[in-house]
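Hi everyone, thanks for coming.

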Amino acid sequence: MKTSIARFDTRLPQEQKDYFEYAADLGGYRTLTEFVISAVQSKADEIVAKHRSIVASKRDHEIFFNAILNPPSPGKKLLAAAKRYNKSNKPK
């Protein structure tokens with residue numbers, strides 16, 4: 001599988017670049033690019049995970065309340081189980 005490479009350029013003040021390079025060096029990164037990609041990937045993963053959990057929780061909320069407000073009819077097995085339960089729990 002061939003992976004294409006894309007380029008990302010940005011302009012920033014020299015002071016900010018120097019600071020980022022300092023942080024990259026302290027963090028043990030070989031290059032500023034490696035540091036930036038790692039930091040951006042981490043932040044992107046965090047944002048996407050948060051978004052997915054919100055979407056999932058909204059979907060779960062809808063499914064749950066739909067089941068409460070519009071419950072399905074009991075199936076044959078549930079009806080049979082209820083019948084067995086009622087028979088076994090009659091007062092003697």
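Now, what you're seeing is a predicted model, where local features need pLDDT of at least 70 and side-chain atom pairs count only at pLDDT 80 or more, while totals for chains, interfaces and linings use all residues. Numbering runs from 1 along each chain as its sequence is written, and side-chain values use heavy atoms, with hydrogens and water left out.

Back to K43. Which residue does K43 form a salt bridge with? The partner is E46, and the closest N and O atoms are 3.3 Å apart. By salt bridge I mean a side-chain nitrogen of Lys or Arg within 4 Å of a carboxyl oxygen of Asp or Glu. E46 is partly exposed too, with a relative accessible area of 48%. Both sit in helix α2, three residues apart, which is about one turn of the helix. Helices here are DSSP runs of H or I, at least four residues, and they're numbered from the N terminus.

How many salt bridges does this rule give? The count is four. Another one joins E21 and K17, at 3.0 Å from N to O. These two are four residues apart in helix α1, so about one helical turn separates them. E21 is partly exposed at 32%, and K17 is partly exposed with 32% as well.

Then there's R30 with E34, whose side chains meet at 2.9 Å, N to O. R30 is exposed, at 74%, whereas E34 is partly exposed, at 27%.

F64, F65, I68 and L69 make a nonpolar patch of about 440 Å². Patch members have over 30% relative accessible area and no salt bridge; like charges are joined within 9 Å, and nonpolar side chains (Val, Leu, Ile, Met, Phe, Trp, Tyr) within 5 Å. F65 belongs to helix α2, residues 32-69, and is partly exposed at 38%.

Last stop: the largest pocket. Its lining has 15 residues, with F8, T10, T33, V36 and I37 nearest the centre. A pocket is an open set of points on a 1 Å grid over the protein atoms alone, with protein on both sides within 12 Å along at least five of seven lines, and lining residues have an atom within 4 Å of a point. Which helix gives the most to this lining? It's α2, with six residues.

Note on methods
Accessible areas come from the Shrake-Rupley method with a 1.4 Å probe; for residues, only the protein chains shown count as cover. Buried means under 20% relative accessible area, exposed over 50%, partly exposed in between (1.4 Å probe, protein chains only). On a 1 Å grid over the protein atoms alone, a cavity is a set of points where a 1.4 Å probe fits but cannot get out, and a pocket is an open set with protein on both sides within 12 Å along at least five of seven lines; lining residues have an atom within 4 Å of a point.
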